[in-house]
Amino acid sequence: MLFVALCLDKPDHLDLRLSTRAAHLAFLEKHAARVKLGGPFLDGETPVGSMLVLDCEDEAAAHALLSEDPYALAGLFASVELKPWKRVVGAQL
């Protein structure tokens, strides 16, 4: 089942995002079978959050995966919203 995670950074936490980015990217690569798509939300050129499309067996598994993300472990996010999602058009994920 697909889920979309909408993660918004805490204000003024760009330094934390940048200092944990390498670990975050390594985490995403390690879980590439379940992380189908992702990238930052931008305010101009500045990243201010993240969007991920996850393929997990259920919502609990998606929450568990998100909780292991170095960004989450570092306390970067002000909010994380997880929504079940169904692809109707566009590329297969």
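Mentor: G38 belongs to strand β2, which covers residues 35–43; a strand here is a DSSP run of E with at least two residues, a helix is a run of H or I with at least four, and both are numbered from the N terminus. The model is a predicted one, in which local features need pLDDT of at least 70 and side-chain atom pairs count only at pLDDT 80 or more, while totals for chains, interfaces and linings use all residues. Residues are numbered from 1 along each chain as its sequence is written, and side-chain values use heavy atoms, with hydrogens and water left out.

With a relative accessible area of 49%, G38 counts as partly exposed; buried means under 20%, exposed over 50%, and partly exposed in between, with a 1.4 Å probe and protein chains only. Setting aside neighbours within four places in sequence, G38 is in contact with M51 and L52, where contact means heavy atoms within 4.5 Å. L54 lies 16 residues from G38 along the chain, and the C-alpha atoms of the two are separated by 8.8 Å.

Strand β2 also holds K36. K36 is partly exposed because its relative accessible area is 29%. If residues up to four places away in sequence are not counted, K36 touches L2, V53, D55 and L93. One of these, L2, is 34 residues from K36 in sequence, yet the distance in space is 8.9 Å from C-alpha to C-alpha.

From this strand, let us turn to the rest of the chain. There are 3 helices and 4 strands in the chain, and along the sequence they follow the pattern β-α-β-β-α-α-β. Between β1 (2–9) and α1 there is a loop, and D12 is found in it. The relative accessibility of D12 is 82%, so D12 counts as exposed. Its phi is near 60°, a positive value in a residue other than glycine. As background, most residues other than glycine have a negative phi.

Helix α1 spans residues 14–30 and includes H24. H24 counts as buried because its relative accessibility is 6%. Apart from neighbours within four places in sequence, H24 is in contact with D69, P70 and Y71.

Strand β4 covers residues 77–85, and G90 is found in the segment after it. G90 is exposed because its relative accessible area is 58%. The C-alpha atoms of G90 and T46, which are 44 residues apart along the chain, are separated by 27 Å.

The totals complete the picture. Of the 93 residues, 32% count as buried. Among the contacts with a separation of 6 or more, 68% come from residues 24 or more positions apart. The C-alpha atoms fill a box of roughly 35 × 25 × 20 Å along the principal axes. The accessible surface comes to about 5,700 Å², of which 57% belongs to carbon and sulfur atoms, as computed by the Shrake-Rupley method with a 1.4 Å probe. Finally, the chain has 9 positive and 13 negative charges, and their mean positions are 6 Å apart. (Lys and Arg count as positive and Asp and Glu as negative, without His and the chain ends; a charge is placed at NZ of Lys, CZ of Arg, CG of Asp or CD of Glu.)
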